[in-house]
Amino acid sequence: MKKTYNRYVITVILVGIAFHGSALFFTLESSYDALTHLFFAEHYVDNWFEPWNTKWYTGFTVMSYPPLVHQSIALLSIIGGLKFGLFTVAFLSIILFITGVYKYSLLITSDRTIASYAAFLAVFSSSFVETLHIFGQIPSIIGIAVLLHALPEIYLWLKTGRYRYLCSSLSLIAVTATSHHVTPIFGMVFFIFPIIGMAVLDLSKDQVGSFKEVNFTLFIKNFKKQFKRIASFSTLSILLIIGCILPYWLNSKNNPITQIPIPHGSRDNFLEITSSGLIFFLIPWGVLLFLWPYFFYRFFSKRYLFFGLSFSLLVILGTGATTPIPKILLGENAFNILTLDRFTFWASIMSLPLFGEFTHRFMVGDLKKFTQRRFGKLYYRLLGCFFVGLFLFMTIFTMSLGYFRPSQPKKIKMLPILNFLNQDQHDQWRYLTLGFGDQMAWLSAQTKAMTVDGNYHSARRLPELTTRPVERLENSKFTGIAGIGSLQQFLTTPEKYNLKYIFSNDKFYDPILYFCGWQRLPQLENGILIWEKLNVPPLTSFLTKEEVATWQKILWGMVPLLALILAFIFNLPSLFVTIFNTKFRPKANYRQYHNHSLSFSKGLLKTMHIWTGLLLITIMYSLYDLYLKNNSQRTPENVITSYYDALDLKELEKSFYYIDPFSNVSISQYMLEIAVTDGLLNSYAKLDALEILILKKTDSLVTLKIATNWITPLEKVSKVNYKTVVKRGKKWYIVPNQLDSDSPPDQLYSNNITKYFNQGRKKISTEQTYHEDVLKQPVLEIISAKLVKFKNHFALIGEIQNIDNVPADIVLKGTLYNDESKELAIYNAKYHVKHKLMPKEISSFRINFEGIAWTKTADAIPETFNPDEFTPIAFEEQPTNFNLQVAGNVSNSDLYKDLALSDLKINSTTIKGTLFNSGLQEITVPQLLISYYDKNKNIVWVDHLFLKRGIKQQRKKYFEYALLKNDSIAIINNDMSNCFVNGLPNKNISSKIVPNRIKKHSTIALQKIIHPNYAYVKIEMNSYIGNPN
Amino acid sequence: MNFRNQLFFLFSLFVTCSVTGQEIMKKKRDFVLISKGTHFVAGSTITLEFKGNSAISCEMYCANSYGSTLVKPQLQGARIFFKIPAYLSTKTGVLNWRIVGLKQPLFGSFKIVPKESPSALETYVGPPSIEAGGSDYSMLVVIPTDNLDNPLRQDTPVSIQQQFLASEKNKLIFTKNLIAFKHIFSPLKTGRMLLSSEVLGLNSKEYDINVMPAIATNFNIYSNRNHTYADGNQITTFTTSIIKDKNNNTISDGNFVYFFITNKIGDLLKTSGTTIAGVATAKIIHPDYEENWNIKAYILGMAESNTLKIKYKKVIANFEVAFIKNNRKVTVGPIKSFMGQLIPDGIQVKISIYKDKKILNEIIKSSREGFVSFNLNQSIYKNGEYDFKISTAKVHKTFQSITLW
């Protein structure tokens, strides 16, 4: 036989590298997973044999993910850095995938040309493009690619029984296992079992001459005959899958994934949530969807029967919750842990040989002749154009999906953050990023500093995280109220995690940071805002870790690379020969099964036409439906929805076009009026739900009641608005509401303000701060403190005053004890206190004792969870005593106090009033602290109210506060002997600085109310300035 | 034997035994210490010299506050030397030694004393700020050390220099238990106190203590406004007199002064200001209806002001209301101020809508160019008879049985 280069395959590899390579540098870094793998790789650079990583989740083990890909990146990074390693491995994965598909297709179709076709199509297949460029799942790609390489070897072992093939197949299985854990397990079921079946069938065919004569008895007979080989291979490969990554399995057993399942789009009902349907069904299937009848027809021919079964199962499992079958097949637990998109990915790969076969037949084979004969040349060409066009469209669309729907925030320059962390020992504390997306992994990879968050949710350990369906704290606003609630717990008790710095790339989180007592540092040059918390101790030099046995560490560090080297030794020569045909080799055993007598049946062609027609009709209908929904002014509901969506996305100009053109509002006026209204709702809210009720409808005018739910970083806001829409021509428009016309008295005015600056270290030094540069902690006095029981939960309430001469940042930490002085709970004051106090200023406070919500996984997450309604700690014993520790630190930021209460109207249920901003800054979120007093003027409860709108300078804002109902509040203990300020007893401090406190002053600020339970309230004001100038 | 004899016998026995014992020890002792010194200066080479049988293998165990070690002997004929290692001989304090390997124990001790002259002064002052008035104090701690970081000997004289305002003081104190310290009680006045120390010609750097004012005493308040009308659109400014502490120091900047305003019906309004040079300034908007305010300012728990009474005169006596467009558009205005001018934008007008004496809704709107209009939407307010109450600036107007259609 003539020695020929396999030109096709070489061309395909070149095309593949050129195509993916040119796009890779624009897509991979903004894919979902690539940077996380990079972070893991960085771990191996420094600690090849030490599996414990302290940078994420207060420590986790990298034995929770197979190491081969990460270790390869780590090795390559020695040459050119981490990103060089990542891209090199990505390029290798592309080559491996293309050659893998070629080898697998050759095995299935026994024809080199068809296999080349399949490899070519694989380069552009939308599922591969999506997995690499959108998801960045390199280990998954390498896993499946190596598995595809293993399939012919397995087949040959079964057919020939030569140990060479057993060794090469097992070495490849080992590489698969060490690259990706899920691939070999399911690969066994979905790829290897069908191969075994096919091998036995081929053997039977050899005996009787044709597949037609192969019957069940013969099959069983041959199966028995081959059983030794099958069993030996299966046993050894299972041993390898377990043995090569044994530490992974041990770790999974010791730390089972007991967390609340994190929602994943691949488990959605694709018909209900169409965006998930697009990402996890339409894109990976792409043009293959049109060929389903062909695939099923061919797969259920006798030789491929087992593939048929496997393919059907994969197709069904890939449909997520669209049908109940996947849940039944996998069971509740596995269904909730696995991401089901991988089944679709595998199914699409499994069908590639047949796709190649179809294309070959369509372009040069019998199908071409058949179609041309039946429908004419023109139809054939049109059909060809349609398929090629659709195929290219899907590929290009998938590749640039990140451009159309950015899944990540813009690329952040990390250098300023890294410099900040390296300065002044800032890396002695943990940090947290907000709004970084998956780029947080890249930051973690570059710094020694640690974060409480992480980007590999299976490895989470803190119950605060595992009990919530929150992937990361980082993007908690997208996980709704559960996410915000989780974040709030970390912000309220940061000293528990040594969390001192927050890098915020999303101003959404600013208000909650402020109200939890965090303060801003100057913005970094890359636009990242740093928030800092005072009074947080640095990390201890010794961090706890979970030790594993040394043999595990050695196995983890050595075996994956060993497997890789063995696989090279066993397979590289044969791969080289396959592609480059360097020496003559007899046709592989499976090459004899090429079916030359295939002919297209009329029935199949008809079925395919009907199926294509059905799909086209569905697509057309979906597009029409999309048009109806998106045609923003076709119905009153549409215009309202579009208007609110535009406002939510801050597309103000777009929202203006929904305003009635006859309402005499110019766009500039409209933009001005929208722009002047700052505040919680306008600047920090995310629209969660919109309910529209038509109240009155005529042909040209409709009035609607619009109930909206907004998620804000502080609490959930529900609003009811009434809007009128009018019809002008064929379009509906919104009649604008009148805006507040309050005008300020002064054009230009001045205020004198006391401002502070703390030098920090006066001398520039790398040593620890000199003692004379350390300021004295401001002296505070706890005026009153008591333990109360409100409904079913306990709280510490009271008042605190800054009695020093400098402004103070205050941290209140309460601990509850029972009669036997057993500690029951510990928590900090969240936003029921003014965290910044000027000298002599007083604030009421309340410390709630929050439990970790839904600790019992059995507890259903309440549908209507409000971040403000925390889960109280379930006390097993009755708290009776308390300890209150107050720490003051000099603060020079957020000291804006120019908010006046200028009017009040009180009745038995509500307090209405007017706030007036007399200062020089615009208040973004005003807060009221309302303390309740009994008739003896003893404080009994502290409540709060966030105003939804901001207050501009010299403007008024009206508020309405609903007084508490007749709730039962019991005072448990008001013994203040365990109150401490900066570690010193409160009593000694008060007698020293204010020995003759005027007692009656503590009750003069009380406002009388008519209420059955309470006699007085006290109203205090606090304000968050979003944009200080 | 009588008692005296018994006593004598016991005494003789004791003397005999002890003498014999000494003789035996002298006879059997292998080593004898030749070195005489009991005091050594830190940092000097300390070698203990012994005479004895150099064939005996032995080592010297020595220990001081820094640690302990075994020292090997150096032999010169019958003389045996033990050199104390530098890391022990540079630390002051008692050093105990013992020769190990001998049949008879041989041990002793000597003292290492610091050098005479200091090379560094370790100085601490804290807290860095104290309250004027004489009761609060800071503390200066000086630890003079030699160049080996050993504190100088007990009773080393330390001279403390202290400057505050016009006074400059000098005081001599002595180290005790390694340190010298001085309590510095606050003076009556505020200011910055500078401190330094000197030991045997070596001077420390400058340290400072801020003397901050004590808590405030009672003060007076004043008000200032452009006019006395309750138009809801001017600002009244309250200021305090210069607030002082009990020693007549102006209180520190940033002190928070609460201004509580009790209005005509006894509700409590509030504004606040922080002091600059002892004066706090607070602002509040004028009420938009007639008012009598009693204002009193507080530094809570510590001091208070006089009560200030101010009046705001009524500006809106009456306003007009028109019902148009099937009575569904209610126009209020023109609302006029005290000179007949249109009221500045932003005054609140409230319409309360009643059906069958029951309140249905209240709508509040703010005025623009003297007018406010309310649209009563047909889908919310069905056709029928309604009562309306319209109020602004505490002036109310009611309209009975208005038919909407």
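Which residue of β20(B) is the bridge partner of B:Tyr222? In this predicted model, the partner is B:Thr239. The strand that holds B:Thr239, β20 of chain B, spans residues 235-240. Strand β19 (residues 221-224) of chain B pairs with β20(B) in the antiparallel sense, over four bridges. Strand β23 (residues 279-285) of chain B also pairs with β20(B). That pairing is antiparallel and runs over five bridges. Within it, B:Phe238 stands opposite B:Ala282 of β23(B).

The side chains of β20(B) alternate along the strand. B:Thr236, B:Phe238 and B:Thr240 point to one face and are buried.

In chain A, helix α1 (residues 7-27) packs with helix α4 (residues 82-109) at an angle of about 145°. Their axes lie 10 Å apart. The crossing is right-handed. From α1(A), the contact includes A:Val9, A:Ile13, A:Gly16 and A:His20. From α4(A), the contributors include A:Phe87, A:Phe91, A:Ile95 and A:Tyr102. By class, this contact has 12 nonpolar, three polar and no charged residues.

The contact between the chains takes 46 residues from chain A and 50 residues from chain B. On the chain A side, β8 (686-697), β10 (716-728), β19 (899-906), α34 (1001-1004) and β27 (1007-1008) each supply at least two residues. The largest share, six residues, comes from β19(A). The residues on this side of chain A divide into 18 nonpolar, 15 polar and 13 charged.

Methods:
Residues numbered from 1 in each chain as written. Chains lettered and ligands numbered in written order. Predicted model: local features only at pLDDT ≥ 70, side-chain atom pairs only at ≥ 80, totals over all residues. Axes fitted to C-alpha atoms, helices over the stretch in contact; angles between N-to-C directions. Left-handed = near helix turned anticlockwise from the far one by under 90°. Contact = placed C-beta atoms within 7 Å. Nonpolar A, V, L, I, M, F, W, Y, C, P; charged D, E, K, R; others polar. Buried ≥ 20, exposed ≤ 12 C-beta atoms within 10 Å, placed from the backbone. Pairing = 2+ DSSP bridges.
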